[in-house]
Amino acid sequence: MSATVAPRRRTHGGGLFLPIGASLLLMFLLLAVFGAAIAPYDPTAQDLLGILDPPSMQHWLGTDEIGRDILSRVIVGTRITLAIAVISVFLAGVTGVCLGLLAGHFGGALDRAISLVTDLMMTIPSLVLAIAVVSAIGANTTGLVTAITISFVPSLARLVRSRVLELRELDYIEAARAIGMRHARILLRHVLPNAVSVIVIELSLMAGQAVLVGTALGFLGLGVQPPAPEWGAMLGSSRQYLETAPYVAMAPGIAVSLLVLAFNLFGDGLRDRLDPNQ
Amino acid sequence: MIRLLLWRLALIPVTVLAVVTVLFVIFKTIPGDEATMIAGATATQAEIDVVRHQLGLDRPLLVQYVEHIEGLLHGDLGYSPTFRANPLPRILERVPATLLLTASAIALTVIVGIPAGILAASFQHHWPDFTVSAGVVALLAVPNFWLGMMLIALFSVQLEWLPSIGLSGPASLVMPTIALAARLIALVGRMVRGVVIEEQRKDYVRTAYAKGLARPRVLYRHVLRNALIPIVTVIGLQAGYLLGGSVVVERLFAWPGIGDLLLTAVGLRDYTLVQGITVLFVIGFLLMNLLVEMLYRLINPRLR
């Protein structure tokens, strides 16, 4: 691994990143909750007389290879993609934070063991790791969530560990230890709150990555299986119609990009606002 | 530096052994009987038993593990149902295509990312800067496979300039390279912009201008030299993305590399092949990290 981590640079628009990211996320959240009610058609209803239709008044974004309304599929698919990203990042967050806290706070053999495992996991490129996990568990939602979670845990554990090591040197933690406070209380009441901003920023950026990994696996046929309207899987099946009907591949791709953009802007905006190291 | 290099090289087999062990445990504990899968759906119980015995799957796990490791030391990955043999030669013949793709992605990153960052820094808060920064934000959000699809729709279908699949001459390299490099270009561009802006404010730059050096000379001889370190860092940190991303890009463009083969192996449930290629990716990743670290020490004399 490289010796030092280069600092991230602030780009401009920092002040706008957070509100834009937050409103985009809110929009996707509303689509995820009310998608089925908003969608003009049933996302799985086929119409074999109108396949690969270009955008029209009836079907604003056209229809796919078996005549399903693309707009409806993109809207309803929001819930799947968002849920997979949020659940896997949540699971990775809980696991990574626990491992990082334990390794950083207690040090010694426990730290060495945890660091060994995370270092080992980080020697496998994360998408390759995810593919291997999916191939072992099976190409379904459980396999997908497990794969994304596992590939995110090591870097998060490492981040939290280094933050804890920083904090541990500070006087107030030492004072807490000196007055005989229990480890659990020190960790939860004093260490964790001071690591929260770093963790939240990282989780937000990870959620964007989770969307990219999840849809990539869907695209490869290793994620959510058809006929579920998952964006990556929709893009995967539209690949063979690029010659005749490229518009089929437009909407799901734009949806993925916007969702990733939302998480990235939100994460970067939060960093600009919260991170004192800037 | 040589000692460090040797030490790191010596660590690689240890890491690989650990990864091999973890993969062995995972793929031995997943549900489903290997012999049944290899014998095929129509096989009788007797045939399955023959396969089980021939492949040594009826022996204790520990014995299988030791033989697995012994085999690996002799370049034998095990029995691959897809190729009905040790798949190593079939994997190795696909390595050059993957190397070509990742190397050209890194080259494109350097060629486009660095000038874009310099351009943005030179016109800070003016339209070239806004364009580059907007491009960075966009490229970081767009999935590489969708970018590739849009390139195919434009350059293969509409304009008929470039072939959309396979490896056939330099033209076929263009779109896969762009799709794979896009994220890296964005990261490097952003990093270069930040570093150049920061470095420009420093005393040595003012001194260089004061003694009458021209702007390009200051930029390339002084500023960029210091910017090289974070650039190498970014590329190094993204080595994992490059290798993982190559899997997706190879599938999209039917590129004859090991990533494409990995997906075929997953589809056929050929676990020998999956494990073999995963280990190869790990070795590639470790070597890339080593290379980055050596490069790092080369361009940063303080670390020597």
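The model is predicted, so local features need pLDDT of at least 70 and side-chain atom pairs count only at pLDDT 80 or more, while totals for chains, interfaces and linings use all residues. Residues are numbered from 1 along each chain as its sequence is written, and chains are lettered from A and ligands numbered from 1 in the order in which they are written.

**Entry: positive phi**

I looked up B:His125, which is not a glycine and yet has a positive phi, near 65°. B:His125 counts as exposed because it has 8 C-beta neighbours inside 10 Å. I find it in the loop between helix H6 (95-122) and H7 of chain B; helices here are DSSP runs (H or I, at least four residues) and strands are E runs of at least two, numbered from the N terminus.

B:Arg84 is another non-glycine with positive phi, about 55°. I place B:Arg84 in the loop between helix H4 (61-73) and helix H5 (88-92) of chain B. With 9 C-beta neighbours inside 10 Å, B:Arg84 is exposed too.

**Entry: chain A**

I get nine helices and zero strands for chain A. The C-alpha trace of chain A spans about 75 × 45 × 35 Å along its principal axes. Of the 278 residues in chain A, 48% are buried. For contacts (C-beta atoms, placed from the backbone, within 7 Å), I took those in chain A with a separation of 6 or more: 68% join residues 24 or more positions apart.

**Entry: where A meets B**

How many residues does each chain give to the contact? Chain B gives 49 and chain A gives 36. On the side of chain B that touches chain A, H14(B) has the largest share, ten residues.

**Entry: the core**

A nonpolar core is a set of buried Ala, Val, Leu, Ile, Met, Phe, Trp, Tyr and Cys residues joined through C-beta atoms within 7 Å. The largest one has 155 residues, and A:Ala130, A:Ile131, B:Val188, B:Leu262 and B:Ile277 touch the most other members. Not counting residues up to four places away in sequence, A:Ile131 touches A:Leu222, B:Val247, B:Leu262 and B:Val266.

Terms used
Contact = placed C-beta atoms within 7 Å. Buried ≥ 20, exposed ≤ 12 C-beta atoms within 10 Å, placed from the backbone.
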